[in-house]
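Let's take a look at the pockets here and at what lines them.

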Amino acid sequence: MTTRRRLSPEESRRTALEAARALLIETGPQSVTLKAVASRIGRTHANLLHHFGSASGLQKALAKHLAAVICATIREAVFAQRAGLGSPREIVDLTFDAFDREGAGALASWMQISGNEDALDPIVETIHELVDELAGGHEDAEPLHKTTLTLVLMALGDALMGSAMSQALGLPRDEARNAAAAMLDRSIEENGVLAG
């Protein structure tokens, strides 16, 4: 008979969120259920219910977890770009990958379709915090806000429809990324967006 190691509440929650993230990437947002996550990590449904309250609670926690991980990566890329070690295209690619390959776009749309009205709150709040940090108290943060809005909406739209639209229009698959990178370059040049 094997015994399971007792996890702290924080470890248990983190393990569940990583399993939920793996399910999201592998099989889509519809598979992020308490039962599926519990099965993946060898815990009970009741254990996850205790931590998240419901499937929508799990999905909201996953959205917050994804947003934190993704924004930390983007933050590093922005600071690298400010130091002359990275490029605006890297920031664009990280943002687009977050919504596409990391599943944030699919999760956000699934949660909204499922009737979870505050589904986007964790993602929006975390992005807003990152943008405020990047603005660094500059008096006029509006150009950065506008650029962020455009970049996030482009990345979300690309994650949901980019492949089908680019194919239907006979355009390369990375056309939206190219357009986003050009927009970010212009914003940096004209407004000093992302300047430290």
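Start with the second largest pocket: its lining residues split into two nonpolar, six polar and three charged. Here Ala, Val, Leu, Ile, Met, Phe, Trp, Tyr, Cys and Pro count as nonpolar, Asp, Glu, Lys and Arg as charged, and the others, Gly among them, as polar. Eleven residues line this second largest pocket, with R6, L7, S12, N47 and H51 nearest its centre. A pocket is an open set of points on a 1 Å grid over the protein atoms alone, where a 1.4 Å probe fits and protein lies on both sides within 12 Å along at least five of seven lines; lining residues have an atom within 4 Å of a point.

This is a predicted model, so to speak of local features takes pLDDT of at least 70 and side-chain atom pairs count only at 80 or more, while totals for chains, interfaces and linings use all residues. Residues are numbered from 1 along each chain as its sequence is written, and side-chain values use heavy atoms, leaving out hydrogens and water.

Now for the largest pocket. Its lining has 14 residues, and V124, I127, L149, V152 and L153 are the closest to its centre. That lining is made up of eleven nonpolar, three polar and no charged residues.

| Pocket | Volume | Helix giving the most |
|---|---|---|
| Largest | about 330 Å³ | α8, six residues |

Volume is the space filled by probe spheres set on the points, with grid points joined across faces, edges and corners. Helices are DSSP runs (H or I, at least four residues), numbered from the N terminus.

Methods. Helix = DSSP H or I, 4+ residues; strand = E, 2+ residues; numbered from the N terminus.
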